[in-house]
Amino acid sequence: MHKNINHSGNASNDAGAAEGISEVRRQEALLKTGALQDAILNSANFSSIATDAKGVIQIFNVGAERMLGYAAADVLNKITPADISDPQEVIARAEALSAELGTPITPGFEALVFKASRGIEDIYELTYIRKDGSRFPAVVSVTALRDAKNIIIGYLLIGTDNTARKQAEAALLKAGALQNAIFNSENFSSIATDAKGVIQIFNVGAERMLGYAAADVMNKITPADISDPLEVIARAQALSAELGTPITPGFEALVFKATRGIEDIYELTYIRKDGSRFSAVVSVTALRDALGSIIGYLLIGTDNTVRKQIEADQKLLDQRLRDQQFYTRSLIESNIDAIMTTNPSGFITDANKQMEELTGCTRDELIGAPFKNYFTDPMRAEAGIKRVLIEKKVNDYELTARARDGKETVVSFNANTFYDRDRKLQGVFAAARDVTERKRLDQVLQEKNVELESARALAEKANLAKSDFLSSMSHELRSPLNAILGFAQLMESDALPPTPNQKESIAQILQAGWHLLKLINEILDLAKVESGQVPMSEEPVSLSEVMLECQTMIDAQAQQLDIKLTLPVFAESCFVHADRTRLKQILINLLSNAIKYNRKHGTVSVSYDMSTPKFVRICVSDTGTGLSAEQLGQLFQPFNRLGQEAGGVEGTGIGLVVAKRLVELMGGSIGADSIVGEGSVFWFELLAVLDPQLTQESKDAAILQHIPTSHEGRIHTVLYVEDNPANLKLVEKIIARRSDIRLLTALNGTSGVELARVSQPDVILMDINLPDISGFKALQFLRLAPATKHIPVIAVSANAMPLNIETGLEAGFFRYITKPIKVDEFTEALNIALDFAAQHQPHAD
């Protein structure tokens, strides 16, 4: 509680005024007698050194003698304070001040007092050197001493021994100038009291720290009134217990030790005028007169807030560090891996429980032991540590650990170097994971992979054999069919019309031939799909275009069976992501089935639905007899005709299987719904797209549109290289209908190349399987020769697998026509080639 410093009432005012005058006179008497000066100068808590203007020591108090070991006679009028200071620090201070103030300062005494000589209050840390050569850190406060004319007559250097955390503030008083220098310092709160504790002196430092003006407190209160009352009470209780005598809480508790001649420095919370608080370190000295009687007390205080905050921050930091260490330890111990650290020499410095289990040793046994001792191959273990030190990091380094009981465990190490905060190498941090089971599984997996590779090789060999067989079978079946269908087509369109009986026979030959070709194609398609040999060229495809093409191909079948065919009008933007050829194959299969298995005078309708996000559904509906649930379950199974063979309908029962595989290869799905007696709906879904691209068919159409098709007035030469007489005869018959083409023939590849070089034909028709060299080899010779490299070469082959066609086009054939030849297709390809040749005739040299 603060003491009430206001008085009321006339009598009280008069008494107070009289008492104030008396106290002022008492203070003046103290100063005049020099008792206060002597008390301060004789304090052993401060080194008070006063110099003349040149720095030579004039006063060297008992505190300086005690701290520095010199007697005053050793230094007075002999040396400067720089001579008892660390010379390196004096030089460093001169350099720092020169840089700070922008003026050269000579190392020596000038560096210690330069700021004070410029009227700047200066406090700094400095190492003093005692007479015996030992050193101690001091906090030095420097003040210039001036006379009445403000001329510097010397300097006052007050030092406190900083080894014991700033024990106290000393004051030196030499005449009026020394006294003013001490009590005008703002860095210390200097409070002098009378013997009863009433404040007599309250310096500018005290005013700055506590917020009171000197007039607010002098002759009115004691230092206890501006101190934390609870701390004052606690101090009284502590001192009573320590000294074994009752001490009254209040000012007595603050100065009790000093009254007994005991040097006293303690921490105390001061209360400012505005009620705020701050921590202070207070040094207390009893002031005595010449007879040794106590005439007052000097309390010098320094603001301890910063140090207290630093201590609090350090305490918090220490706690956080302990928490972090606990957290880190918990992480290490909870890890499933065996974790350890080593120093750079490879000796273990820490380990977790898992490492203990791995080695069968306790943590205390592991720490300090060589890392390599716990592995079956110590040299490899030691090499691992060295490798980490060189490369900074190592992963998946395998070692076999051996426990104390002989148990061996294969482990995989991940390790890296670690450093202290100054980036000094501390050692290696390593984590070892038990990979015994993984190694066993790897071995099993490796064995399985070997088996799988063996099975894959056998499967590839079987697929290759199947592919070779299919290619050979396709060629062998198509070659005779080529002659049968080709000549039948010529007979059907011969200039001399056939008789009715002949016409019927030709129709049956063509129907049987085309059906046989379809069966061959379906069987080959199924084999190709199942062996994964179906090349897909997916692109945006217009459903409208594809449906029109399918209608052209299926109309005749529908008319023949009197089936009404209803097709939708597709939106122009209705495109799907598909292989155009395979999409037509799927639609033709579904339409053909819907027509074949329909009832008489029935209908087949196609619809589409774009309501499913990202997909288009195409539905083919018929009015046939429908399928039972059991039959629906058997759909899409190879060679299953669902009893339709009883009705005499031709087919292999594999078309739907091929359609299903093709839809799935294009990322879609297919299914069917049916009601017995009403009909069936077959549907499939494909991914919808927005931006169509120009297809090969549209490119061909563009070429045909811009290339002249008239061949009147010119005879073209066509060379046909073929070893099969029937095929030769067929092409001769087809070309014989045209008067603008002269046909040359060769029976093998070598003679064909030579004949081409001599005759320079416009177009060459080339079989692939020739008796001497293949059609591919012959094409290569033609392209290498300048005279024939420009001639378009059309492949005419019974090798009709998609891969064969793709390979042929990539090799450089202009077109690739498969046998059996379709006369219209053959004629169109020949016309395109002739037009191309006319546009690309070589220029004469």
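Colleague: Which strands make up the open sheet, and in what order do they stand?

Modeller: In this predicted model, the open sheet has 5 strands in the order E24-E23-E25-E26-E27, and the pairing is parallel.

Colleague: What makes E24 and E27 edge strands?

Modeller: Strand E24 (741–746) and strand E27 (815–818) have a single partner strand each, so one side of each is left without a neighbour in the sheet. From one strand to the next, the twist averages 20 degrees.

Colleague: How do you know that E26 and E27 are paired?

Modeller: Pairing needs at least two bridges between the strands. Strand E26 (residues 793–797) is joined to E27 by 4 bridges, so the two count as a pair, and they run parallel. Look for isoleucine 794, which stands opposite arginine 815 in E27.

Colleague: Which helix packs on the sheet?

Modeller: That is helix H25 (residues 775–784), which touches strand E25 (763–766) and E26. The direction of H25 makes about 155 degrees with that of E25.

Colleague: Now the largest nonpolar core: how many residues does it have, and which have the most contacts inside it?

Modeller: It has 42 residues, and Leu583 and Phe684 have the most contacts inside it. Helix H19 (580–596) and strand E22 (679–689) are among the elements that give two or more residues to this core. H19 gives the most, with 8 residues.

Colleague: What is phenylalanine 684 in contact with, leaving aside its neighbours within four places in sequence?

Modeller: Its contacts include Leu583, Ile586, Leu587, Leu590, Val616 and Ile670. Apart from this core lies another, of 32 residues, among them Ile226, Ala236, Ile247 and Leu299.

How values were computed. Residues numbered from 1 in each chain as written. Predicted model: local features only at pLDDT ≥ 70, side-chain atom pairs only at ≥ 80, totals over all residues. Heavy atoms only, no water. Axes fitted to C-alpha atoms, helices over the stretch in contact; angles between N-to-C directions. Contact = heavy atoms within 4.5 Å. Core = buried A, V, L, I, M, F, W, Y, C linked by side-chain atoms within 4.5 Å. Buried < 20%, exposed > 50% of the residue type's maximum accessible area, 1.4 Å probe, protein only.
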